[in-house]
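Welcome! Have the structure open as you read, and look up each residue as it comes along.

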Amino acid sequence: MTTSTIAPTTAPNPLAVLWRRHAPLVVIYGLLIVLFLLAAFLSDRFLTARNLSNLLRQAGFLGIVAIGQTVVILSGGIDLSVGSVVKLSVLVAALVMNGHETNMWLGIAAVLGMGVVIGLLNATVITRLHVAPFIATLGAYGILRGISLWITTKPVGRASPAWLQFYDSGIGPIAGPAALFLVLLVVMMVVLRRTRFGRHVYAIGGSEQVARLSGIPITRVKYGIYTMCSVMAALTGLLYLSRMGVGDPVVGDGLELQSVTAVILGGTSLFGGRGGLVGTLGGVLLLALMGNLLVILNVNQWYQQLIQGLVIIGAVALYKQKGRT
């Protein structure tokens, strides 16, 4: 009689499992910790309450735009019009409020309503005219930028006094813009992970053809996605007005690329269907922290761009896997 022996199974290395499942999150938050410690070592101004508060505010501005961009990219699309939406929103809000207390809510409603209209138009061009999201939103970027420059090429209007106070308000040590960003982040996390709409977003990004065969209302979901993204950008424009007090036409420049960068740094695939807002939070904080540190150290603007570009390439290269980005 022969006896058979069963080879003992080797327990998987927990670190290897963590890396395979969450490589982008490990990299982005690891870099964030390293950069935070480096900033604290290089400058005694970094850990001051004033600087940390400013850092969180800046993260809030980019973060709100990046929330909308994340949802769009998860669906397999992209929105390059967000920077121009922010720019036009600042101008419209400043002109409508024009320094009058009674016009504050009218200005807020006008800007958010404009965001809804822009999002619906983007979705219509993409779903009804079958224009690729990159081209459709790039066209919207140019149109909205042109309208903004037609309105003015210099600062105009004024924020309502009460709206100016929002920038310095907050919940405990967390400034108003940062607190709003965190609230929206948590809400959208729940929406993406716990609702039918969120499951549809991931399904469309994974395979639009399979999603259509599964009965998912793709057109309706895309209308919701692009409208939400434009409203987030419009809200960010309102926040910039609370900071600056006037409508400045230079606001919003580059936010479309910064938001995409934050999303990709956080591990969301440009092809859609993979990623989420936890990674985007890390990407936003990393970009904000890099910018803050370079300014504190008085690094030349040219070198700032070079260093940020190298860090971004290095971070993505570390966790890049076949089919991930």
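Keep in mind that the model is predicted. The largest pocket holds about 930 Å³ of space, and a search of the whole structure finds four aromatic pairs.

**The largest pocket**

- How many residues line the largest pocket? The lining is made up of 30 residues, and those nearest the centre of the pocket are Gln58, Gln258, Leu287, Gly291 and Gln308.
- Several helices take part: H2 (49-74), H10 (218-244), H11 (255-265), H12 (277-296) and H13 (301-319) each supply at least two residues of the lining.
- Which helix gives the most to this lining? That is H2, with seven residues.
- Sorted by class, the lining has 13 nonpolar residues, 13 polar residues and four charged residues.

**Aromatic rings**

- A pair of aromatic rings is described by two things, the distance of the centres and the angle of the planes.
- Return now to the four aromatic pairs found in the whole structure. In one of them, phenylalanine 36 and phenylalanine 46 have ring centres 5.1 Å apart and planes at 75°, so the pair is edge-to-face, as angles over 60 degrees count that way.
- This pair links distant parts of the chain, 10 residues apart: phenylalanine 36 sits in helix H1 (residues 14-42), and phenylalanine 46 in the loop between H1 and H2.
- Are these two residues buried or exposed? Phenylalanine 36 is partly exposed, with a relative accessible area of 34%, while phenylalanine 46 is buried at 0%.
- Next come phenylalanine 61 and tyrosine 240, with ring centres 4.5 Å apart and planes at 20°; angles under 30 degrees count as stacked, so this pair is stacked.
- Phenylalanine 61 belongs to helix H2 and tyrosine 240 to helix H10, so this pair ties together parts that are 179 residues apart in sequence.
- Both partners count as buried because their relative accessible areas, 0% for phenylalanine 61 and 13% for tyrosine 240, are under 20%.
- Ring pairs also join Phe61, Tyr167 and Tyr240 into a cluster.

**Residues in loops**

- Threonine 268 is in the loop between H11 and H12, and this threonine is buried, with a relative accessible area of 0%.
- What lies 3.3 Å from a polar atom of the side chain of threonine 268? The backbone nitrogen of glycine 276 does.
- Asparagine 98 has a positive phi of about 50°, although it is not a glycine. Look for asparagine 98 in the loop between helix H3 (82-97) and helix H4 (104-127), where this residue is partly exposed at 36% relative accessibility.
- Histidine 130 is not a glycine either, and has a positive phi of about 60°. The loop between H4 and helix H5 (133-151) holds histidine 130, which is exposed, with a relative accessible area of 66%.

**A residue in helix H10**

- Arginine 243 lies in helix H10 and is partly exposed, with a relative accessible area of 40%.
- The C-alpha atoms of arginine 243 and alanine 159 are separated by 9.3 Å, and these two residues are 84 residues apart along the chain.

Note on methods. Residues numbered from 1 in each chain as written. Predicted model: local features only at pLDDT ≥ 70, side-chain atom pairs only at ≥ 80, totals over all residues. Heavy atoms only, no water. 1 Å grid on protein atoms, 1.4 Å probe; cavity = no way out; pocket = protein on both sides within 12 Å on 5 of 7 lines; lining within 4 Å. Points joined across faces, edges and corners; volume = space filled by probe spheres on them. Helix = DSSP H or I, 4+ residues; strand = E, 2+ residues; numbered from the N terminus. Nonpolar A, V, L, I, M, F, W, Y, C, P; charged D, E, K, R; others polar. Phe/Tyr/Trp six-rings, centres within 6.5 Å; stacked < 30°, edge-to-face > 60°. Buried < 20%, exposed > 50% of the residue type's maximum accessible area, 1.4 Å probe, protein only. Polar contact = N/O pair within 3.5 Å; in protein donor to acceptor, adjacent residues only side chain to side chain.
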